[in-house]
Amino acid sequence: MSEELAWVLQAQQGSDEAFTRLVETYQTPVYNLCYRMLGEPESAEDAAQETFLRAYQHLHRYDQKRPFATWLLSIAAHYCIDRLRRRKFAMFSMDAEDEDGNSFELPDPDSPDPEAESVKGQTRDQIQALLKDLDDTDRAAIIMRYWYDYSEAEIAESLRLTVSAVKSRLHRARKELAGLWQEEEMRTNTERRPHESPAF
Amino acid sequence: MNHQPFEEWQLNDTHLTPTEKREFDAHLRACAHCAALTETGLALRSARVVAPAAGFVMRFQGRLAVQKIAERRRRLWGLFVLILAGVGLIGWIAAPYIFAVISSPVEWLTAAIGYFLYLVTSLQAFGDVIRVLGRVVPDFIPLYVWMVLFSTLAGLGLLWTISIWRFARVPRGVAV
C-alpha cells in the first residue's frame, strides 16, 4: 500500500493528521490549478482552501481505484468553474451599485489594466493573461493537459466529459490561444512602433 | 492558407520524421497562425507551477476548525429548533385535553375509560377479522402473489433501512 493511500485511509477513519499530510502534499498542484483558472492569487488561495474542505467533507465518497490527485483536482476544477460562472452571472445581473447603493462603472474587460500589464511584463507569464479569455471548461482542460500532463481520458474523467469532447475542446482552446497570441503580438508591435528611433 | 496537416500535427503532438520536420519549419516561416500555435504550445509547456504563500496548511487548519465550530453550532441550533417545535406542537394538540382535565376531572376520566374500552374492543374485533382472513384467504391467493407480496415488503424494508442509515450517518469533517 502506498504512503498516500495509507494517509487517505487514515483520514477516512477520522485522522486529521493524515489529512494534513495530504494537504501538505497537494497544496501546490491544487493552488496552481485554482490560480490558472481564476487568475488572482487571493481567489486562488480561497478556492484551494475550499477544495480541501470539500475533499475533507466528502472523503468517504473517494473511490480508492482512482488516483487521489485526479479526484482532488477534479473537485478544484469544478469548484473554479462554478465560481467563474457565478462571477459572470453576478457581472450580468448586478445593478452596478455598491453596498451603499452608489452607482459605479464596471471595469471594461477589454480595456488595458496598467497594473496587470506591468505584472505581466515582469513575470513573462503571458499565457496566464490569454487563459482568462477561454471558456471555463476549455481552460480547465488546457491546464490539466499542459500543467499536469493528464491524458485525454483522465481529463474526461475529471471534468465528466467524453474523450472526444475533451479532444475537441483542447483543439479549440489551442487554436483560440494561438489567435489571441497573434493579436497580442500585433498589439505589442503597434505600441512599440511610435517609440522606436527613426534611425531604425 | 492551408494549415493542414501542420495544424493537426501540432494539436495532436505528432512525432515528425526529418522530412516532415523540414516541411513543418518551412510552413512556420510563412504561416503566422501555425507559428503562433507553436509559440503558445511552447509557452504552455514551459509555464511555471505557482505555489501558494507560506503557511497554507496552517491557514487550512484554522479554516477547518472554524468550519467544525460553525457546523456544530448549526446542528445544535437545528436540534433546539426541532425540540422547540415538537414541544410546541404537542402542547398545542394537548392543550384542550389538559384544560378539560383541570376543569372537570371526573367527566374526563369517564370519557377516557370509555375511549379505552372502545379501543380494546375494536382491537379485539380487528384481531378476529385478521384471524378469519388468515384462515380463508391463503386458499384463494396463488403462491406467486405471495412471493410478489413478500418481495415488495422486503424491498420496502431494505429501502427504509438504507434511508435511516443515510440520514443517520454523520458526514466526515463534522465534529460529533
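This is a predicted model: local features need pLDDT of at least 70, side-chain atom pairs count only at pLDDT 80 or more; totals for chains, interfaces and linings use all residues.

Biologist: Is the crossing of H7(A) and H8(A) left-handed or right-handed?

Modeller: Right-handed.

Biologist: And which residues meet there?

Modeller: From H7(A) you get Thr137(A), Ala140(A), Ala141(A), Met144(A) and Arg145(A), and they meet Ile155(A), Ser158(A) and Leu159(A) of H8(A). By class, the contact of H7(A) with H8(A) has 5 nonpolar, 2 polar and 1 charged residues.

Biologist: Zooming out, how many helices and strands does chain A have?

Modeller: There are 9 helices and 0 strands in chain A. Of its 200 residues, 32% are buried.

Biologist: What share of the chain A contacts with a separation of 6 or more comes from residues 24 or more positions apart?

Modeller: Those pairs account for 60% of them.

Biologist: Switching to the other chain: how many residues of chain B are in contact with chain A?

Modeller: 27 residues of chain B, and they touch 28 residues of chain A. On the chain B side, helix H3 (32-46) and H4 each supply at least two residues. H3(B) gives the most, with 9 residues.

Biologist: How does that side of chain B divide into nonpolar, polar and charged?

Modeller: It has 17 nonpolar, 5 polar and 5 charged residues.

Biologist: What about H2(A) against H4(B), at what angle do they pack?

Modeller: H2 (residues 16-38) of chain A and H4 (residues 56-103) of chain B pack at an angle of about 135 degrees, with axes 10 Å apart. They are therefore oblique to each other, and H2(A) passes H4(B) in a right-handed crossing.

Biologist: Which residues make that contact?

Modeller: On H2(A), Thr20(A), Val23(A), Glu24(A) and Gln27(A); on H4(B), Phe56(B), Val57(B), Phe60(B) and Gln61(B). The residues of the H2(A) contact with H4(B) divide into 4 nonpolar, 3 polar and 1 charged.

Conventions. Residues are numbered from 1 along each chain as its sequence is written. Chains are lettered from A and ligands numbered from 1 in the order in which they are written. Axes are lines fitted to C-alpha atoms, for helices over the stretch in contact, and angles run from 0 to 180 degrees between N-to-C directions. Helices (H or I, at least four residues) and strands (E, at least two) are DSSP runs, numbered from the N terminus. Angles under 35 degrees count as roughly parallel, over 145 as roughly antiparallel, 65 to 115 as roughly perpendicular and the rest as oblique. A crossing is left-handed if the near helix is turned anticlockwise from the far one by less than a right angle, and right-handed if clockwise. Two residues are in contact if their C-beta atoms, placed from the backbone, lie within 7 Å. Ala, Val, Leu, Ile, Met, Phe, Trp, Tyr, Cys and Pro count as nonpolar, Asp, Glu, Lys and Arg as charged, and the others, Gly among them, as polar. A residue is buried if 20 or more other C-beta atoms lie within 10 Å of its own, exposed if 12 or fewer, and partly exposed in between; C-beta atoms are placed from the backbone.
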